[in-house]
Amino acid sequence: MKYFLFVIAIILSIFTSNSATHTEISMMEEMYELVDQRNLNLVNWQITIRESISIDDITSFIEKQTGKDFYISERANEKIKLNRQKNSRLNENLLLVSKNNGSRYEVIYSVSAEDFNQEIKKVAEKYIKTVENDIFSTDAQKFSCIYTNFDGIIEISEFKEFAKNRLNLQTIDETREDKFWTWTAHHPNWDNGINTRDDERMNIQIAVKHTENEQSNVIIGTPILISEY
């Protein structure tokens, strides 16, 4: 009987491990470990959540957010931008964009920092969960991105091979120009993703740009990059 219970416990442990959902912070951690192992310099990382939401009383909505230490930093035309800096090393933005002058708003939340350590990860994950529960539904879109640079010219083929082996990536598409390269792929353990025209599932995109001063800018995002390269 004890042996039977022991086997069941192992099976449940394996199933739980394989079916665990990856959070934005855990995926960011994998991306950070990748760039850290290549001695890339961290410039900034950012996690973004966005969704079209119906807000009947925008004044009450804003008052609720200001009661949670957000403050209005910009208000012009159909846009309202709020900021919060409860932690001096974390920046939070909440952008509200009115759609067709009605009660529908495009709500975009982002949290970012120039460092990535255990303390920042813990606080950032807490902020994200709070905002998700307070504002967004399970249909919200989520994007994570890490910005880095390197004092030299990165050899593209070598970097791609390292990323493939480190994250077990499967190539979807690749574009190369003289000083610019982008690569889309699929990470088998990440639940997020978007379908391509060929019905393939991609959930990571990498961009490398060689600058005029012989440096390399490297940006990695999931499921795609939503910022300019």
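This is a predicted model: local features need pLDDT of at least 70, side-chain atom pairs count only at pLDDT 80 or more; totals for chains, interfaces and linings use all residues.

Me: What describes how the axes of helix H2 and helix H4 lie to each other?

Reply: Two packed helices are described by the angle between their axes and the distance between the axes. For helix H2 (residues 24-37) and helix H4 (residues 118-134), the axes come within 9 Å and cross at roughly 145°.

Me: Why are the buried residues of H3 said to be on the same side?

Reply: The buried residues in helix H3 (residues 58-66) are Ile58, Phe61, Ile62 and Gln65. They cover an arc of only 95° around the axis, and therefore they sit on the same side of H3. Their cover includes strands S2 (71-76), S3 (79-84), S4 (91-99) and S5 (104-113), as well as H4.

Me: What makes Asp57 a cap of the N-terminal end of H3?

Reply: A side-chain oxygen of Asp57 lies 3.2 Å from the backbone nitrogen of Thr59, and because a polar contact requires N or O atoms within 3.5 Å, the pair qualifies.

Me: Which residues touch the most other members of the largest nonpolar core?

Reply: Among its 52 residues, these are Trp45, Leu96 and Tyr109. Leaving aside residues up to four places away in sequence, Leu96 touches, among others, Ile58, Phe61 and Ile62, which are buried residues of H3. Another core, of five residues including Cys145, Tyr147, Ala207 and Leu225, lies apart from it.

Technical notes:
Residues are numbered from 1 along each chain as its sequence is written. Side-chain values use heavy atoms; hydrogens and water are left out. Axes are lines fitted to C-alpha atoms, for helices over the stretch in contact, and angles run from 0 to 180 degrees between N-to-C directions. Helices (H or I, at least four residues) and strands (E, at least two) are DSSP runs, numbered from the N terminus. Buried means under 20% relative accessible area, exposed over 50%, partly exposed in between (1.4 Å probe, protein chains only). The arc is that of the directions from the helix axis to the C-beta atoms. Contact means heavy atoms within 4.5 Å. A polar contact is a pair of N or O atoms within 3.5 Å; within protein, one must be able to donate a hydrogen and the other to accept it, and residues adjacent in sequence count only if both atoms are side-chain atoms. A nonpolar core is a set of buried Ala, Val, Leu, Ile, Met, Phe, Trp, Tyr and Cys residues joined through side-chain atoms within 4.5 Å.
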